[in-house]
Structure formats: structure tokens, C-alpha cells
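Dear colleague,

Please find the structure for your review below. My findings follow it.

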Amino acid sequence: MKNYLKSYLAALALTLLSLGNAFGQATASGTIQGTVVDQSQAVVPGAEVIITNKATGDKRTAATNGEGAYRVDLLSAGAYTVKVSKVGFASQIQNVDLLVEQTVTANATLNPGAVTEIVEITSAATLVDLDKSGVSQNITPTEVVEMPMIQRDVANLAYLAPGVKAADSYDPTKNRYAILSVNGAGGRNVNVTVNGIDDKDNTVGGPVMQLPLEAVQEFQISTQRFSAQNGRSEGAAINMITKQGGNLYHGSGFGYFRDQRFDTDEKVPNGTGGQVAEHPDYSRQQFGGSVGGPFKKDKLFGFFAIERERESEGLEETGTSFTELTLAKGAGLAAQPSAVIPRPFYETRYNGRLDWTIDSRNTAYVSFNSQANNSLNDQSNGTGDLTNGNYTTNHMLLANFTLNSVLTNTTVNQFTAGYQYWNNLIASNISAPLVTFPDASFGTNTNVPQQSFQRKWQFKDDISTTIGKHTLKAGLDYIWNPVEGGFFEFSSTLEIDFAADPSVILSDSKNYPKGFATPGAVVSMALANGNPYFLVATKQLGLYFQDDWRATPRLTLNLGLRWDKDFNMIGASDVKNSRTYQELVALNNPFSNPYVSKLPHDDNKDFSPRVGFAYDLTGQGRHVLRGGYGLYYGNVFQNIPLFMEQMANPTVFQTVISLSSPTDIVTGTGIALGNWRYGVDPMPVPPPPSTQLASGSVGRLMDPNYRNPVTEEFNVGYSWSLSQNSVIEAEYTHVLGLHENKTMNIDQKVPVGGVCCSRPLDPAFAASTQPELASVRDEQSIGRSHYDGVNFSFRRRMSHHFTVNANYTLAWAYSYNGGGGSFRNYPMLSTNPFASWAWGPSPNDERHHITLSGIVDLGKGVQLAPIMQFGSARPYAVTNSSNTLNTGGGTGTAVIVPSNNPTNWFAYAGNNTGAQNCFYGLSGVTQACTIAAYDPLRGEPFFQLDLRLSKNINFGERMKLQLVAQAFNLTNRANYGNDFNGNIASASTFGHPAGFLNPSATTIPRSLWGEFGFRFTF
């Protein structure tokens, strides 16, 4: 690591010495540039340009060069005045609103006159960014404040960008927040930064924390082809900026309220094509406020925002669960039935920021963000009782210190130090056996306890210079995680499984003469123990260099190169101690030796070229052609090597009791399971944690050739500025995903000698003293995906009392049994992961997607703000309840169809032997079958209309009360999306909705939701 830092510092010093100047646009800032001419359109060199921040009074100065051009970088997002002066000419002032990572062109035409004479330009700068070559969209401060947002989660506004849609939550910690599918991916590979500091969840992906909405100034989402300054994401990049104080005191107070009385019934699918009306208990209150202003005018400013949320929700028991649990309690069992499982949620978010103008060339700020919440029973599934729940606590911190230094008029530097902390605990106060029935359960939830945490220090420096037509940038980004990981347990208490529900056991005296104590009533038991932790220390280093070259007044070239290096992200330090690795080394079999012949290591050659162009076709800033190409490397999330890392602990966390046959002996009792009596005979005695894998365990490996995921991306687009206030854009984007994760069972069962099926390593295990593994699952980076999309957009800022943001995307997102940014994808056949039938649409593929939003000023303080989203039907898979091809664990479930009739899903339903014979060509049957294609079916289109109606009441010039009514899913549509049943084992439910789109997420309205609120500002 020291060598890498020394190399970088040496290169940085050489850059400074050789260039003399350096300049950089950090990711949390923007640029104002322009050309100054006189009335005859001749360029005006040597004109003085003063750019003043309206809120803080900070000033930056520049002088036009020989071509009349000026450029000022590293400006905080906000409102500015641009004053241009030259002896012999009247001065000119215009107002500019600068958004994050935006380059605003503010040209000036000077008229003859005294320099003290000032001409104010009232027209706004064009909407077209003349330097932008990538694909991005800014969410403006007005949109942050005025658009309808579910749960006040600002990430919901990212749906307004083309190529972005809602995706299902991929982890319990993300259920309450917007999950973004960008370019067909699953949401994990969206990299979020706050004030330039990493907000990534290194365990499962996506962002860690959410900010109080009152603290969000704006954000930009780059869906493709961002610059070399940004890395560690092969998906999208979101750059969020917090508010700051200014010379005027300002603030807000708000309250928003939801209640079940404002909601309509949910049309819950019954699985067979019908619907059942449900009206869950629900209420939520969100309240808080903000205040900002000067501690010392023009010098020291502060800002603080806080938001509280109280939510009360009830999860209704499904089917007959409550009845069954009531019967179990009446019979003396420890069940605590409840018709509704309470699921309260409490959260506090706050943000504080202090800005300091040190002198005319140096400014600094420190920002601190906190989010803490706790909840109950978010692991409950509607079939358990009060003992089957859990509690969840989350605590997240994110802080940064940033120093901006103007070294010369053309040289700036930004240094940032950041800290991130996250601790998520899902646990239970009850430790009792888990007792399950077919339709109910009670006792400690099988998913608890589990914990994830990370501490992250980050140091960044961005430096750059303008030399003639070149803006040269270089930077370092170093992240140190002294600890990240956690623990994960399953079956932490004894699981006892009954074959029948309590209603059957208590009423069927013939088969259950002793009730629950009848021998044979319990059909299986399970328990796990050992060390469940996975703890690693990791580092990440990124270096970049970029040249934004204005080759001609109309052509800008973006030429960049980035290098990223990870340290221990794939758990390489644990591989040698992992029991699977040790066991396969000891086995020394030619079949498995390639997987343990060398140790995996983090990539060393993740070089990412970034090339782009922006060409002003007419030179008037109205027609711009842009495009480019780049490579983008992503993270290896800790959930990928997690199980391998657990197997490197002193004791192995694994199942130590697994009884499923009547002849299995209940551990420590000497009683066969078929004779064991619940409540009468002794409970099993678990063995102590083992230092070795038990026979029948699942082996876990990290492939020796594992690599970071990477995407190849290119785009070409066109922007047409219809007027100063409106623009039409068209864009073609292509993303090729490579080295995506896929979990391969290298010991998959295959036919041997015309008989199905046995594992290739069976003979080797039989001849050794090593415990035989049920499967050997190797994490490989061989997955592939691609996305092609065409975006058409129309944007209009406020003019004639309304704004418009409209997008249409025509897209194709395909992959091999997976999707971009996801992991733990199992192929149907590990022996043929790239078969033609494995290629199909990704789960978030939508052929057509439309978003339409805007703000309409109706007069007299009344505003209307709608957001409409439409998406064509997404795909879903056909599957089976059993392992059709008898391939063993660690493979996807295949559905076998005749080769000449590949959509005959039910050809071998309930006939696995026939399916195996036809597919493998066994038992004298001709090989005439194939596997059904991946995701061949489509669900229902998605449509959602949200509406915000507000009435503004002014009190003097600076105080305003806004009364708000919001409706989410105004048309009361039941959006089932692709949550359909594709299981051929159940013909009655096949092809019918099983639930709602994105079933794990709580941000998709399942009926019409109503909300009322207010916001007071001063």
C-alpha cells in the first residue's frame, strides 16, 4: 500500500512542478464558463469576470483569454451573479443558477460605455450543457421541495431520469427506501456520494444512509458514462449536495401525516386470478425543520436540519395462521397468537453543516449527518406469532471536512476527508425453539440474529489547471475500512417441524392419539452453531487524470484515465484457512485441483479509459452532439465471499443437527425421530461447534480467477435547445456487463453410465477421509449482461407558469440467468452456464418506460405537481417445486420442455424421471428436450400517478406557509408487475399474480395512499 501511495504522491508532485498550475472540478461542484464579445461579435480579451455567490457573498475572479473565453471551476452549487467588466465598455451582470457537476455557459456581449454603467441581463442561461458528454440529469432544488415524494425519500426523484425505474429491495435494510434500477440492473451497483463522500454499503451494495429532506440542496444522477473522477461503480452515480447557511437567516418547519383512513383497500391477489380486499392498519407522522444563517456575515455560516418519523403498521396474519396458533396455545404450547403483528418504526435524521470563508482564496466546510431507527417484526411473514418476530436497530453516520483553495485564478484544489459508520442489528429478545406447522409457526425466527457494520475513512484530493484550451485534472481517492462485515446466523435455536397443522393434530385422534406428543408427529429437526462472523479489513485506492480539451470553440473533448485498486475485497486473506479450500487441497483430485491451484487476489489492472466529446453544431449553443466510451469497474460486495470467510473461523458455523428420516436418532437421546414425543421426551443435545465441515455441508470457494465486475459503455446523443427555457434530447446508450458474479456448483450431479445422477467428486470423497460435501459452490466472475436503450426527453423550466420533464425510453436488458449488479446467481446447469436457453430478459427489463412530471402554477399561490410513471410488463421465470434434473443443490431449477415445442411448460410437470430421460437421453429415450428459456413470460404493465396539490400563503416578504395534500397511485391501480406464479407444480396458480410489484419494498403504493401536511419557511 505504501508503494502505491508513494507512486501517486510522486506523480502528483511531478504534475504540479511540470504544469505550474493545476485545476479541478470536484464531484460536489460545478463550473461557469463563457465567451465575452463586443457588439460586432469580436472577442474581448482581458475582461474581468467576477462571480459572486448570492447566499454567502463569496467571490471568484477570472480574466478572459486571447479568445475572449473564461472558465471558473470548483464552484459550490447555488445561485450566482456573473459580472463582466472592461474599460471602454458598460459592465454586464447576469444571474446564473448552477447545479452540481454542471457546466453553465454564461456568454456576455459588451456595449460601449463607462465601466461604471451596469447592464443587467434578465434571460436565463441555456438548459444545454455545452461540455457534457455523458448521460445524466440534475434534480433541481425546486423539484426537491415541490414534487410528491413517498416517505420524503429524495431518491424517489431519480425516477424522473431516463433509464431509471423502481426495483425490488434486495436486503431488509433497504425495504423502506427507493431502490433504483438503472439500465436494467438491480440497484446494488448505484454509487451514492454525499458532498463527495462515499455512502456505499460494502456488504450488499447500494446506499447506506438517507438524509433529512430539508438538508438536501439538489442531486445529480449519472446513468452512464460519467467522468474519470468518479469510480467504484459499474452502474449509476448519484451525487448529493447538502444545504448551507448564508448571510440571511432562513429555515423551515414541516409536518406530513398519513393514516389508513386516507387509503383505499388493497386488491391482494388470491393466487388463482381473483382478489381479496385488505386494509392494513397504518399511520405515519413525519415532522421536523431546519434553520440556517450567518454566525459572522460574509465569514461563517451554519445550517441544521432534523426530521423525525413515527410509523405504526400492522401485518395481518395470512390464511388460517391465527386460528392454528390459537389452537396451539389452547393445547398448552408456547404460542402467542395475534391477528395483527405490530410493526412500529421510529427514525430520527439530522444534518449539520458549518461553512467558513477563511479568506478570498480559501473556504472550508464540515458536514455531519446522522440517521438512527428502530423497528419491530420486519422479519415476520404473516404466518408467525408474537414470539416469531424480531427487533431491528440501525445507526448511520456520515461526515466530511472539505477545504477549497484557489491557488491562482486558474488553479484550484479541493481536499476532502470523510467518515462513515453503519451498524445494523436484527435480533430477538426471545431464545426458544422454533416450532413450525405447514401454515403457522412460533418461537425464535430462523433469520435472527444477524448484524452488519462498517467503519470507513476516506481521503480525497482533486487538483487541476487550465492551460490554454486544456483543463487538466488529477486526483486521489483513498478509502480505508478498518473493519467491515458482521455475522449471520440461521437456525440459531432448535427448529422442530410438525407434518400437520394444530387443527389436524387435535381433531384426528386416529393418526394423532397423543396429540402433539404422538410419536411421528414431528418429522424433522434442525440446529446450527459455530462462529458466524465474517470480518475483514479492506482498502480502496483510486487515481485519475483527465483532460477536458476545448479543441475548437465548438468542440470539447473529454479524455480521462482512471485506475482503481482494491485490497482484500474478495476475502483473499481468509481463503487459505477456509475449510472448503483445505479439504479440496487434501483431496488432490484432478477435477477440483484447478479451483485450488492458486489463491485469488484483488485486481491490479483495473484501468478505465474515459473518452467523450461534445460538439456545438451551429456555434450558437442550441444544437449539441455528444457521445463517448468508457470502462467502469465496480465493487465486490462482502456478501459474495461471506460464507467462505465464515468457514475460515476457528469453528465453522454450520448445521449440526439435521434430522428428516424416522430412523434418524435424536441427538443425545438415543430415540429415533419417528418415536420421539414432543413435550415428553428430552430435547436433543447439540454437539459442540466443530473445527471441521460436517458431512453433507455446502462447500464455499472464491474462484482463483475472480475479478471485479466491469461495464463497457458508450453513448451518442443530441440536444436541441428550443428556447432559453426548453430542450429536447435524444440519446442511445449501450452497456455491456462483464465479470458479473455467478455461483457455480463445480460438483453438480450429472448422468454416469446412463444413470441419473451422481457427483463427479463422489469417488474421490469415498476414497478419502474427508467429509463428503453436498455441493461445492465456487463464486466466479463469469456473468454477462447487456443493455441497449434509446432515450427521448423534453425538459422545460418554469416559464408561463409551468415546468415539464418528460422521458420515453425504449430498451432491452438481457443477461445469462441474472442481471447487472446482482450476485448469487445460480445457473440451471453449471456445466453449461452460457447455453442459449440461459440468455433472456433481466428481471427489470421493460421494453417501454415513460415518465412525465411537472409543476403548474395555477395562480393565487396554488401549485399542482404530478409525477406519472408507466412501464411495460416485466418478465418472470417458469420454475418447478423440485430439482427437475436432479442436479443437486447450488443450481437453478430447470423446467424441461420438448425441443420442438419449447413453450409447453407442463410437458413434464410431476414427471421428473421423464424429464431427465428426455433431456439426458437415458433409459432408451431419445434426447429430444431442452430447458425452458430464461424469463420467458411477462406480467402486467406498471402505471402510477402521484399528485401534489399545495396552497402557498405569504406572510410578508420572507415567510410562507404551504398547505399540502398528496395522493400516491391516484388511479388506485393494483400494480402486480412481474410478481406472478410461474411454478408448473401448481397449475391452478400458474400465470396468475402472486403479489405486488417489488414485493419487499414499501415505497410502491399498493392502493391509493393519501397524505396531508404543511411546510412553513422563512
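Strand β2 (residues 48-53) runs antiparallel to β3, and 5 bridges join the two. Strands here are DSSP runs of E with at least two residues, numbered from the N terminus, and two strands pair if DSSP finds at least two bridges between them. Isoleucine 50 has threonine 61 of β3 as its bridge partner.

Please note that this is a predicted model, in which local features need pLDDT of at least 70 and side-chain atom pairs count only at pLDDT 80 or more, while totals for chains, interfaces and linings use all residues. Residues are numbered from 1 along each chain as its sequence is written, and side-chain values use heavy atoms, with hydrogens and water left out.

Both strands belong to an open sheet of 5 strands with mixed pairing, in the order β3-β2-β5-β6-β9. β3 (59-63) and β9 (118-121) stand at the edges with a single partner strand each, so one side of each has no neighbour in the sheet.

The largest nonpolar core has 39 residues, and Val154, Leu157 and Leu180 have the most contacts inside it. Such a core is a set of buried Ala, Val, Leu, Ile, Met, Phe, Trp, Tyr and Cys residues joined through side-chain atoms within 4.5 Å; buried means under 20% relative accessible area (1.4 Å probe, protein chains only). The largest share of this core, 3 residues, comes from β15. Leucine 180 touches residues including Ala155, Val164, Ile221 and Ile238, not counting residues up to four places away in sequence; contact means heavy atoms within 4.5 Å.

Yours sincerely

Notes. Helices (H or I, at least four residues) and strands (E, at least two) are DSSP runs, numbered from the N terminus. Buried means under 20% relative accessible area, exposed over 50%, partly exposed in between (1.4 Å probe, protein chains only).
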